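Below are some questions and answers for reading one protein chain. Each answer works towards the value or name that was asked for.

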Amino acid sequence: MGTLNMLGLAKRVGARFLLTSTSEVYGDPLEHPQKESYWGHVNPIGVRSCYDEGKRTAETLTMDYHRGAGVEVRIARIFNTYGPRMCLDDGRVVSNFVAQTLRKQPMTVYGDGKQTRSFQYVSDLVDGLITLMENKYTGPFNLGNPGEFTMLELAQVVKETIDPSARVEFKPNTADDPHMRKPDISKAKSLLNWEPKVSLKQGLPRMVSDFQKRILDEK
């Protein structure tokens, strides 16, 4: 509904419209890495489908307004992003692991921890969104860091950054959890001349120092 309202506003005032979509439109992908041309593999009635299908519908509406009403649109498919000032308890895996380790709690890993994600630092995403808005291409464009980590590898990087004695606690996996997630960013590289610059090992300490301050304030 929010997307529909904003598309109506963009049509009325002649604005350029940016849809921040998500890698979740690919669902649990059968193609790896994921290109923008891939239509996805989504369970339409699963526990995650309200988010996956909500974003897919938002992309449909955006393209309908573009084709039918001439609204100038841009679509970015954002992959996992992390950085300072995230909510401490937002449930995302990087903030979970960092907050748990700083609080001396074990890191919660769902399933066997072999599912993969790609982690992009927030400044790279902001650069990508600005570049997309300043260019002539509608998209969609994958905006993400193609560096791919299993959850256990991510936990190891968090341990090395914060506390080598940190522990991992395994819990049953959640339903419809994607097994793999890695963007193919060749389209953004060639058309937008964009690619991420900050590796996980460079970006994570910046996030940790911010989380550290705020978790200390809790006490």
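Q: At what angle do helix α3 and helix α7 pack?
A: The model is a predicted one. In it, helix α3 covers residues 93-102 and helix α7 covers residues 200-218. Their axes are 10 Å apart, and the packing angle is about 50°.

Q: Which word describes how α3 and α7 lie to each other?
A: Angles under 35 degrees count as roughly parallel, and 65 to 115 as roughly perpendicular. The two helices pack at about 50°. α3 and α7 are therefore oblique.

Q: Is the crossing of α3 and α7 left-handed or right-handed, and how many charged residues does the contact have?
A: α3 passes α7 in a right-handed crossing. From α3 the contact takes Val94, Ser95, Val98, Ala99 and Leu102, and from α7 it takes Leu204, Met207, Val208, Phe211, Gln212 and Ile215. By class, there are nine nonpolar and two polar residues in the contact of α3 with α7, and the number of charged ones is none.

Q: How are α1 and α2 placed relative to each other?
A: Helix α1 spans residues 2-13, and its axis comes within 10 Å of that of α2. The axes cross at roughly 20°, and angles under 35 degrees count as roughly parallel. α1 and α2 are therefore roughly parallel.

Q: Which residues of α2 make the contact with α1, and how does the contact divide by class?
A: The crossing of α1 and α2 is right-handed. On the α1 side the contact is made by Thr3, Leu4, Leu7, Gly8 and Lys11, and on the α2 side by Ala58, Leu61, Thr62, Tyr65 and Ala69. By class, the contact of α1 with α2 has six nonpolar residues, three polar and one charged.

Q: Which strands are the edge strands of the open sheet?
A: Three strands form this sheet, with parallel pairing, in the order β1-β2-β7. The twist from one strand to the next averages 30°. An edge strand here pairs on one side only, and the edge strands are β1 (17-22) and β7 (141-143).

Q: Which residue in β7 stands opposite alanine 76?
A: Strand β2, residues 73-78, pairs with β7 in the parallel sense. The pairing runs over three bridges. Opposite alanine 76 stands phenylalanine 141.

Q: What angle does the direction of helix α4 make with that of β2?
A: Helix α2 (residues 49-69) lies across β1 and β2 and runs at about 155° to β1. Helix α4 (residues 122-134) packs on the sheet too, where it touches β1, β2 and β7. The direction of α4 makes with that of β2 an angle of about 160°.

Q: Is aspartate 184 buried or exposed?
A: Aspartate 184 sits in the loop between β9 (168-171) and α6 (186-192). Its relative accessible area is 15%, and the cut-off for a buried residue is under 20%. Aspartate 184 is therefore buried.

Q: How far apart in space are aspartate 184 and asparagine 142, C-alpha to C-alpha?
A: Leaving aside neighbours within four places in sequence, aspartate 184 is in contact with Pro33, Gln34, Lys35, Glu36 and Asn142. In sequence, aspartate 184 and asparagine 142 are 42 residues apart. In space, their C-alpha distance is 7.0 Å.

Q: Which residue does a cis peptide bond join to proline 33?
A: Proline 33 is in the loop between β1 and α2. The omega of the cis bond is about -10°. The residue joined to proline 33 is histidine 32.

Q: What is omega at the cis peptide bond of glycine 139 and proline 140?
A: Proline 140 belongs to the loop between α4 and β7. A cis peptide bond joins this proline and glycine 139, with an omega of about 5°.

Q: Is asparagine 193 buried or exposed?
A: Asparagine 193 lies in the loop between α6 and α7. Its phi is near 55°, a positive value in a residue other than glycine. Exposed means over 50% relative accessible area. At 72%, asparagine 193 therefore counts as exposed.

Note on methods
Residues numbered from 1 in each chain as written. Predicted model: local features only at pLDDT ≥ 70, side-chain atom pairs only at ≥ 80, totals over all residues. Heavy atoms only, no water. Axes fitted to C-alpha atoms, helices over the stretch in contact; angles between N-to-C directions. Helix = DSSP H or I, 4+ residues; strand = E, 2+ residues; numbered from the N terminus. Parallel < 35°, antiparallel > 145°, perpendicular 65-115°, else oblique. Left-handed = near helix turned anticlockwise from the far one by under 90°. Contact = heavy atoms within 4.5 Å. Nonpolar A, V, L, I, M, F, W, Y, C, P; charged D, E, K, R; others polar. Pairing = 2+ DSSP bridges. Buried < 20%, exposed > 50% of the residue type's maximum accessible area, 1.4 Å probe, protein only.
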